[in-house]
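Keep the 3D view open as you read.

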Amino acid sequence: MSLPIAPTFGTFKIPEINNELMKNYSPNSEERAKLQTALNELKSQFPIEIPLLINGKEIRNKKTSDQKNPSDHKNIVAKYHEAEPSHIEDAIKGALETKSIWENYSIKDRCSVFLKAADLLSGKYRYKLMAATMLGQGKNVWQAEIDAAAELIDFWRFNAKFACEIYQEQPIKNSAGVWNRIEYRPLEGFVYAISPFNFTAIGGNLPGAPALMGNVVLWKPSPFAVLSNWIVLQILREAGLPDGVIQFIPGPAEEITNQILKSPSFAALHYTGSTFVFKKLFKEIGNNIDIYKSYPRIVGETGGKNFHIIHNSADLNSAVRQTIRGAFEYQGQKCSACSRAYIPESLWERFCLELRKEHSRIKVGSVEDFENFMGPVIHAASFAKIKGYIDHASEDSECEIIASGECDDSKGYFIPPTIIVTKNPKSKFMVEEIFGPVLTIYKYKDDDFEKTLDLISETCAYALTGALFASDRAAIVLGEHKLRNAAGNFYVNDKSTGAVVGQQPFGGSRGSGTNDKAGSHTALYRFVSMRTIKENFINLEEFIYPSNLV
Ligand SMILES: NC(=O)c1ccc[n+]([C@@H]2O[C@H](COP(=O)([O-])OP(=O)(O)OC[C@H]3O[C@@H](n4cnc5c(N)ncnc54)[C@H](O)[C@@H]3O)[C@@H](O)[C@H]2O)c1
Ligand SMILES: N[C@@H](CCC=O)C(=O)O
């Protein structure tokens, strides 16, 4: 393809951007019927073969791996081809060649690709991508709608708006005879995006956001989300994304990453996943620093140990229901999931009673049965890890399990929603990210509300999300103040999950990430390198300053 030197005769204004309207999938609704058809169609094609995509070419390698349906692990959703070193080499070379083409697309053209992709997803591909997310990643209908439809559409549309606003941000002063300008250059080199299994939207955003800003990207999807991520890429291609802008390279994470991080042209990491892996990559990038042409940007959103604190002035019924949603939706596999809760002594009996009552209404099972509030956890290792925590709690003298059920992996990886009461606020159940449907609660004395706020902030290494439930304004003021650094997303009388793009920019600090806020201007700034241009219109006729005169 030749270089599209396309002058734009105008400064264009992006169409008005709003959040995608959620569909509700109630019985007999049109959307429920369409989703059911998409599920049937997709299942009839299993296992779907997924190639690598490098420079627009689909590559089928001898080495493949399977992505399983976590609701029914004998059911293979996809067989995906794995990248080898020669593919990574080609992907880097091809991306760097494409760079000079893509970065010459105007912002209008780059935005148009993503806005069109959002419209394709809102209509033509909505149910297909939801079906892939349900069957491949174990989300029920509601969770799939939130993620694979609404959130990804919002990421693409709002990022386009933010990008246009960033471009408009220009120096506020010009001296006489001078025009100062700021250019938002894409990074020199390529961006490496590594995405997690748990959000199809994050899969689409990690390579999408840097690409929108004019970068070329190598994208390594999670092995447990390859199918949905592949469909995301097809949508972007249909929307006009040129070949080579996003190279799709599933495969062995460590080998692929080691090779990529040794390239002198590595310019940025856009990562979402566990804290452990992110720290490892951060160190590796540091160790390789002399190799790189520029200092790489490192953007990482990682784990959480998110809290709910209930003040004795809270609306108890609402706090209980928000806690059920926050802790157990998508089986607690949101980085934002509530996994520790602090309840005042005066509300303890009623809170526990209500919590158990609501817990008994939770249905767990295959995501194809729309009645189920919870589906499976993602894979066998996750099942074993979470079950290990529950087994441990059942033997721990400081713990009591007040609600649970049978862990059953005979067909799918099903873990019951589990509520543990602990006497030890620093026990592993209050400190470690379990990433499953396990909520641990701790009783505090009403008079110790302030001390409990300090305890929450000091308990663990994470600071992603948290929620305070209270009607007493003084308690809200105190909580907001004392928990300032305990969560990057802080909610008052709402659950710890469910950030919406354009409304609650998302991310945490401390061990939870670099807090660059997915779905915001800030995240996009990380993928540009500003150039200041000063143009002088007045010729200099004398170099001596008045102060040099005697
Ligand atoms: N803060 C956020 O915004 C956010 C959002 C979603 C998920 N998460 C976190 O992600 C985790 C769950 O997702 P997951 O199970 O996919 O995480 P994970 O860390 O197992 O995997 C994330 C990605 O890293 C890759 N990876 C694994 N080992 C690697 C290595 N040695 N080198 C390079 N890449 C490697 C994986 O293949 C995957 O693509 C949780 O900790 C959760 O809190 C955080
Ligand atoms: N942004 C999502 C969480 C993403 C992490 O898994 C939320 O706010 O619940």
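**A guided tour of the model**

With 12 C-beta neighbours inside 10 Å, Glu58 counts as exposed. Here a residue is called buried if 20 or more other C-beta atoms lie within 10 Å of its own, exposed if 12 or fewer, and partly exposed in between, with C-beta atoms placed from the backbone. This is a predicted model, in which local features need pLDDT of at least 70 and side-chain atom pairs count only at pLDDT 80 or more, while totals for chains, interfaces and linings use all residues. Residues are numbered from 1 along each chain as its sequence is written, and chains are lettered from A and ligands numbered from 1 in the order in which they are written.

Glu58 sits in strand 3 (residues 57-59); helices (H or I, at least four residues) and strands (E, at least two) are DSSP runs, numbered from the N terminus. Leaving aside neighbours within four places in sequence, Glu58 is in contact with Pro51 and Leu53, where contact is defined as C-beta atoms, placed from the backbone, within 7 Å. Pro207 is 149 residues from Glu58 along the chain, and their C-alpha atoms are separated by 18 Å.

Which residues of helix 1 are buried? They are Leu35, Leu39 and Leu42. Seen down the axis of helix 1, the buried residues fall within an arc of 75°, so they line one face; the arc is that of the directions from the helix axis to the C-beta atoms. An α-helix has 3.6 residues a turn, so residues three or four places apart point the same way. The buried residues of helix 1 pack against helix 4 (126-137) and helix 5, while the face turned away from the buried side carries the exposed residues Glu30, Ala33, Asn40, Glu41 and Ser44. In the loop between helix 1 and strand 1 (48-50) you will find Pro47, and the peptide bond from Phe46 to Pro47 is cis, with omega near -10°.

Next, the overall layout. The domain assignment gives domain 1 (31-302 + 513-533) and domain 2 (306-492); such bounds come from an automatic or database domain assignment. The C-alpha centres of domain 1 and domain 2 lie 31 Å apart. Their contact takes 16 residues from domain 1 and 18 residues from domain 2. On the side of domain 1 that touches domain 2, the elements giving two or more residues are strand 5 (72-81), helix 4 and helix 5.

Now for the interior. A nonpolar core is a set of buried Ala, Val, Leu, Ile, Met, Phe, Trp, Tyr and Cys residues joined through C-beta atoms within 7 Å. The largest one here has 156 residues, of which Phe190, Val217, Leu218 and Ile310 touch the most other members. Helix 5 (residues 141-168) supplies the largest share of this core, 14 residues. The core draws at least three residues from each of domain 1 and domain 2. Not counting residues up to four places away in sequence, Leu218 touches Ala91, Ile92, Ala95, Phe190, Tyr192, Gln247, Ile249 and Ile260.

Ile260 leads us to helix 8 (residues 253-260), whose buried residues are Ile256, Thr257 and Ile260. Down the axis of helix 8, its buried residues fall within an arc of 95°, so they line one face of the helix. Their cover includes helix 2 (85-102), strand 7 (190-194), strand 8 (217-220), strand 10 (266-272) and helix 9 (275-287).

Finally, consider the record. An unreviewed UniProt entry lists Glu301 under "active site"; UniProt positions are given in the numbering used here, feature names are shortened, and annotations may be inferred rather than shown by experiment. Is Glu301 buried or exposed? With 28 C-beta neighbours inside 10 Å, Glu301 counts as buried. Glu301 is found in strand 11 (residues 297-301) and, not counting residues up to four places away in sequence, touches Thr272, Gly507, Gly513 and Ala518.

Definitions and conventions
Contact = placed C-beta atoms within 7 Å.
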